[in-house]
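Please read the following points with the sequence and the structure open side by side. They start with a pair of helices and then move to other parts of the chain.

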Amino acid sequence: MASNSEKNLINWEEIKIDKNLIRLLPIDSIKKYKFIPFEETVDSIKVAVVDRTDVNTQNALRFFVQKNKKKIDIFPIEESAFDILLGKMKSSSIEINKFLSAFEESSQVEEDEKARIDKKKSEGGATNILKDAPVAKMVEVIVKNAIDGRASDIHIEPMDEYVRVRYRVDGVLYNSISLPQKIGPAIVSRIKILSNLKIDEKRKPQDGRFRIKDLGQTIDFRVSTFPVSYGEKVVMRILDTRTGIIGLDKLGVEGRDDELIRRIIEEPHGIILVTGPTGSGKSTTLYSILNILNKEGINIVTLEDPVEYVLEGVNQSQVKPQIDYTFSSGLRSILRQDPDVIMVGEIRDEETAELAIHAALTGHLVLSTLHTNSAIGAISRLVDMGIQPFLLASSLKLLIGQRLVRRICPKCKREVPDLSSAAEAVVRSELRNVPVKAFERIGMNKFSDLKKVTAYEGEGCSECQNKGTKGRVGIYEMVEITEEIGKMIGNGTLESDIEKAAKNDGYITMKQDGVLKVLEGATTIEEVQRVTDEKSSDTDPELETTGEAVFIEGENKEIEKESEI
């Protein structure tokens, strides 16, 4: 690290900028955020910064550090000296324009590109096709940044005058790159080619997938294209097999909920339903349960759309609606495969629901998901589908509702010095009716022991890219269908009365589970309110528009980086 005296003695007129550093950022971004990388050492990059206190500049610098895997040494620079360095860089911007031109040229020969990729695949080089030609460089950058940034999804969205690239990290969308509008169709065509989709079909949605290798590990991408006003939107779900199957304890299933799941999955028959909106971690919970059940002597068969993670020893099948291989038709066939455990990716219609109930009533343990806002809400949802209440009472064993909240970074976690009165009121209000046994998780005997509300937050560090959060943890509510609750379901009892009965069995709501995790130091009260309050959305609007990545605007839009995929 350079000393302050060394930084103040630099003669910026004599500085020669490293040509390799010039290509790391486009001129327009450098002008906007007012910092210039000018020299690279073995373990760091020297960066001249006009105003390091500016929030946008700080965000851009964090992205720069994350992308280049080196620490930065910041040198303060006056505006006049910054203009001198900027003038030196402009002569080199032609390098980026050449790259952009090559990209645009490649978009004019999509058919030749497809033929070349097909040839590469036939030669066994499918995992390296991302970096075969200039047309692929932008896709390579987008994909590599997503992997390095631990993103779960990549959104490529055509707008009126540009193409927006966004990443979903820990459940929140962050803006990343803005590209010229004319490049959009070429990017979409490239992704379609990789996914074996029709590049000339732009009027209707398509689904596909492709696979790459990153640092020797296989990563799958589930691709969905969708026609919108200004072209086609692409969303790529990243299925990183390196993460493996997460245990229930790592998911956030604790105390009574953990005991309940492990007890009920030992039963020979019945239905376990996991409920929640898209992106709430339902599939991950099912995979964790299957991993526990996956033992010698048990035949497990799954129907999925798609197969996201391969489980050794489990018979996994992917539905294909285009050939009439659906959840309902597949479920009929599964029953002839002598299964002990059946997992159906989602119950979407009455026919699938009826078949699942039939399987449960004839001696099979059935696991599935349902899109509802709460665990108890699954009952009315199934009744609305046309299922008779008495059949639900006989077949349902466990209802699980869940959401995902961002986990506080363990490295920079600290106690909140002054918790607001509103936040403390939420904590006390939610815990007032929590069963006594639930307090054992936080080392308390009962609610009256809570003299002071202690919450935590992430201060921000290099480990979490200064977000204060890293990863996610689940908050849950679980309703066991006891004999009493089964009778209530069969009699068409109101959900509110069923909830009261469930509370006698130790049931706690998702929000209460989240508040307990706040006191444990796993997450924040703001996160719990974000995903449980009705007026909240799963995406924080402020985070969505002020993400941690650089917005690249203007004509020079490429961040060029050599990477291994």
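1. Helix α13 (residues 327–334) and helix α14 have axes that come within 8 Å and cross at roughly 20°. Axes here are lines fitted to C-alpha atoms, for helices over the stretch in contact, with angles from 0 to 180 degrees between N-to-C directions. Helices (H or I, at least four residues) and strands (E, at least two) are DSSP runs, numbered from the N terminus. The model is predicted: local features need pLDDT of at least 70 and side-chain atom pairs count only at pLDDT 80 or more, while totals for chains, interfaces and linings use all residues. Residues are numbered from 1 along each chain as its sequence is written, and side-chain values use heavy atoms, with hydrogens and water left out.

2. The angle makes α13 roughly parallel to α14 (under 35 degrees is roughly parallel, over 145 roughly antiparallel, 65 to 115 roughly perpendicular, and the rest oblique). On the α13 side the contact (heavy atoms within 4.5 Å) is made by F327, S328, L331 and R332, and on the α14 side by E351, T352, L355 and A356. By class, this contact has 4 nonpolar, 2 polar and 2 charged residues. In that count, Ala, Val, Leu, Ile, Met, Phe, Trp, Tyr, Cys and Pro are nonpolar, Asp, Glu, Lys and Arg are charged, and the others, Gly among them, are polar.

3. Which residues does L355 touch, not counting residues up to four places away in sequence? They are S328, L331 and R332. The C-alpha atoms of L355 and S328 are 7.1 Å apart, although 27 residues separate the two along the chain. L355 counts as buried because its relative accessibility is 14%; buried means under 20% relative accessible area, exposed over 50%, and partly exposed in between (1.4 Å probe, protein chains only).

4. The largest nonpolar core has 38 residues, and L273, L382, L399 and V479 have the most contacts inside it. Such a core is a set of buried Ala, Val, Leu, Ile, Met, Phe, Trp, Tyr and Cys residues joined through side-chain atoms within 4.5 Å. Helix α14 (residues 350–361) supplies the largest share of this core, 6 residues. Another core, of 31 residues, lies apart from it and includes I156, I177, I191 and F221.

5. V479 touches, among others, A375, I376, L399 and Y507, leaving out residues up to four places away in sequence. L382 is one of the buried residues of helix α15 (residues 377–385), along with G377, A378, I379 and M385. After α15 comes G386, with a positive phi near 115°.

6. Helix α17 (residues 421–431) and helix α20 (residues 510–520) pack with their axes 9 Å apart, at about 125°. They are therefore oblique to each other. The contact joins V426, V427, E430 and L431 of α17 to K511, Q512, V515, L516 and L519 of α20.

7. Finally, two loop residues. K34, in the loop between α3 (27–33) and β1 (35–40), is not a glycine but has a positive phi of about 55°. N196, in the loop between α9 (184–194) and β7 (206–214), is also a residue other than glycine, with a positive phi near 60°. K34 is partly exposed at 30% relative accessibility, and N196 is exposed at 58%.
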